[in-house]
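Thanks for coming, everyone. Let me put the structure up, and then we will walk through it.

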Amino acid sequence: MILMSIVAATFIGGLISVLLAAAVSAPLLGLIVRHLVSLSTGVLLGTALLHVLPEAFESGEAPHGLFLTLLAGLMFFFLLEKAELYRHGHHHEDDDHHHHHGFDAEQAGRGGWSVLVGDSIHNFCDGVLIAAAFLSDPHLGVVTALAIIAHEIPQEVGDYIVLINAGFSRMRALVYNMISGLAAVVGGVLGYFLIGPFQDYLPYMMVVAASSFVYVAVADLIPQLQKRLHWRDTLLQIVWLGIGLLMIASIVHTLHD
């Protein structure tokens, strides 16, 4: 049952994000991405700080070792992104990121395959993290999967727009994104079989998962929100971020009850 849950969570998560990106027109995608970046920031921070890390620290493991694992995880994902193997593309044309016109076409033209490879590795890591969460506690697995899905949607939308701007057909971009999304299923299945014998290390794996969420939120998503906007747009950012936090807080409260 746990293995089936892992496969379902990784497959459905990838499928939802890719199909949403393909089903909506580009202008509307841009509007959705802006709101989803704020929402996923709240979901990722809430999942890491309100659920995953408390679960890990309540396991009885030495706090010093868990904090050291958290630091190592943050450094690991920093270095992975430096190597362009853990990319988080959420920008798009006319997104006020001040790239010159045609930036996305150049990015995909010069490094489109790099984006797809990096996204596949990212999805593979997400699959392993989901597997570790389900092996620790099915409820924790569900919350972790939801957090990853919330982040995957704007990421896949961003990747899809980059490929479309580079001249890919909608069907070709959809197929490539779906293949990349299947890497999460591979990571989940391998994680199930590789992590299972090391149950004693699950708290540390949970901390690594939390470090991934914190890194993505702080290093990638929040900088996109930190720009001068009209007060109404700033208020919308805060509202969507707060909705993400409240969603996780209410789920955690329900699970604890």
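First, a term: buried means under 20% relative accessible area, exposed means over 50%, and partly exposed is in between, with a 1.4 Å probe and protein chains only. Next, the ground rules. This is a predicted model, where local features need pLDDT of at least 70, side-chain atom pairs count only at pLDDT 80 or more, and totals for chains, interfaces and linings use all residues. Residues are numbered from 1 along each chain as its sequence is written, and side-chain values use heavy atoms, with hydrogens and water left out.

Start with helix α6. Helices are DSSP runs of H or I, at least four residues, and strands are runs of E, at least two, numbered from the N terminus. Which residues of α6 are buried? Among them are Ala173, Leu174, Asn177, Ser180, Gly181, Ala184, Gly188 and Ile195. Now its length. The expected span is 1.5 Å times one less than the number of residues. The 26 residues of α6 should span 38 Å, and the end C-alpha atoms are 37 Å apart, which agrees.

A cavity is a set of points on a 1 Å grid over the protein atoms alone, where a 1.4 Å probe fits but cannot get out; lining residues have an atom within 4 Å of a point. Grid points join across faces, edges and corners, and a volume is the space filled by probe spheres set on the points. The whole structure has 2 cavities of 30 Å³ or more. Helices α1, α4, α5 and α6 each supply at least two lining residues. The largest share, 5 residues, comes from α5.

Val143 also lies in α5. At 1% relative accessibility, Val143 is buried. Val143 and Val252 are 109 residues apart in sequence, yet 8.3 Å apart in space, C-alpha to C-alpha.

Last, aromatics. Rings of Phe, Tyr and Trp (its six-membered ring) pair if their centres lie within 6.5 Å; planes under 30 degrees apart are stacked, over 60 edge-to-face, the rest tilted. There are 3 aromatic pairs. Phe57 and Phe67 have ring centres 5.0 Å apart and planes at 55°, so that pair is tilted. Phe57 sits in α2 and Phe67 in α3, so the pair ties together parts 10 residues apart in sequence. Phe76 and Phe77 are edge-to-face, at 5.2 Å and 70°. Phe76 is partly exposed at 45%, whereas Phe77 is buried at 2%.

Definitions and conventions
On a 1 Å grid over the protein atoms alone, a cavity is a set of points where a 1.4 Å probe fits but cannot get out, and a pocket is an open set with protein on both sides within 12 Å along at least five of seven lines; lining residues have an atom within 4 Å of a point.
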